[in-house]
Amino acid sequence: MDIASNLFALRERIATACARAGRDPASVTLMAASKNQSPEAVRTALNAGLTCFGESRVQEAKLKIPPCPSRARWQMIGHLQSNKCRDAVALFSMIQSVDSLALAQELNRQCDKAAKTMPVLLEVNVAGEASKFGYAPAAMLDELLELNKLPRLEIHGLMTIAPYSPTPERARPVFRRLRELKGECEELLGAPLPQLSMGMSGDFEIAIEEGATLVRLGTALFGERPRMAEGETEA
Ligand SMILES: *Cc1c(COP(=O)(O)O)cnc(C)c1O
């Protein structure tokens with residue numbers, strides 16, 4: 001596993017995808033999806049020039065973040081349970097996985113207690129997969145104005161996970177739909193939303209062509225993910 005050379009190759013692929021779409025490569029943030037990766041792997045990625053890390057579980061992040069250099073910036077990209085909101089507010093600079101009004105209200109409450117404002121993305125289950133979290137598109141649009149009233153949360157955009165397919169092109173309609181949904185949100189809010197978090201190792205080039213501003217890369221950057229320790233569960 002050579003994170004620095006993986007990163008070099010990924011930046012080239014991002015630049016090429018941007019060129020195809022007539023976009024500036026600086027408009028796409030490469031987030032390292034660091035679940036199951038050690039603090040040592042995070043340090044290597046930091047030294048290679050990355051600063052933005054995405055974690056999927058609060059429990060894991062709580063152990064991993066303290067020993068990592070403080071210049072790392074951490075965002076929550078996995079499903080968040082209400083009883084983990086307090087820790088999440090302390091650990092993360094953005095929560096990408098807001099998927100219900102109840103969760104948003106609890107996040108708002110914990111942010112208020114901590115005297116913080118939290119940038120959030122609304123996670124949308126565009127393809128309607130039963131195995132995935134995230135808002136159904138219509139439910140997200142229904143709750144948007146209520147979500148926007150929560151004073152401690154700032155809605156910065158939308159996030160999605162496309163269904164896995166060995167054919168990345170299959171993800172294109174999902175990414176395109178998320179971009180359209182962002183437009184519908186902007187109309188409802190009367191304000192622009194800067195972020196579209198979409199694209200992972202297998203499909204990030206398609207996501208960039210469809211407007212991704214943040215791609216979340218795990219295996220393409222770190223190599224195959226280490227298995228979790230005994231007793232941990234994928235959540
Ligand atoms: C694990 C994960 C990723 C990264 O997946 P890879 O296919 O390894 O790049 C991206 N986003 C989320 C939400 C994840 O949980």
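A polar contact here is a pair of N or O atoms within 3.5 Å. Keep that cut-off in mind as you look around this predicted model.

**Stop 1: the ligand**

Start by selecting Gly218 together with the ligand. A backbone N or O atom of Gly218 sits 2.8 Å from one of the ligand's oxygen atoms, so the pair falls inside the 3.5 Å cut-off. Now, how much of the ligand does the protein bury? Of the 390 Å² that the ligand exposes when taken alone, the protein buries 89%.

An N or O atom in the side chain of Ser201 is 2.5 Å from an oxygen atom of the ligand. Then try Ser56, where a polar side-chain atom lies 3.4 Å from a ligand oxygen.

**Stop 2**

Move on to Pro163, Tyr164, Ser165, Gly202 and Asp203. Of the 15 residues that line the second largest pocket, these lie nearest its centre. The space in this pocket comes to about 270 Å³. Its lining is made up of eight nonpolar, four polar and three charged residues.

**Stop 3: a cavity**

Rolling a probe the size of a water molecule over the atoms shows where empty space is left. How many cavities of 30 Å³ or more does the structure hold? There is one, and the largest cavity has a volume of about 30 Å³. To find it, select Val98, Ala104, Val120, Leu122, Leu147, Leu153 and Ile155, which line the largest cavity.

**Stop 4: the cysteines**

A search of the whole structure turns up zero. Click on Cys68: it's in no disulfide, and the nearest cysteine sulfur belongs to Cys52, 14 Å away. Is Cys68 buried or exposed? Its relative accessibility is 7%, so Cys68 counts as buried.

Finish at Cys185, which is in no disulfide either. From there, the nearest cysteine sulfur is that of Cys111, at 20 Å. Cys185 counts as buried too, because its relative accessibility is 0%.

Notes. Residues numbered from 1 in each chain as written. Predicted model: local features only at pLDDT ≥ 70, side-chain atom pairs only at ≥ 80, totals over all residues. Heavy atoms only, no water. Polar contact = N/O pair within 3.5 Å; in protein donor to acceptor, adjacent residues only side chain to side chain. Areas by Shrake-Rupley, 256 points an atom, 1.4 Å probe, with all protein chains shown as cover. Disulfide = S-S within 2.5 Å. Buried < 20%, exposed > 50% of the residue type's maximum accessible area, 1.4 Å probe, protein only. 1 Å grid on protein atoms, 1.4 Å probe; cavity = no way out; pocket = protein on both sides within 12 Å on 5 of 7 lines; lining within 4 Å. Points joined across faces, edges and corners; volume = space filled by probe spheres on them. Nonpolar A, V, L, I, M, F, W, Y, C, P; charged D, E, K, R; others polar.
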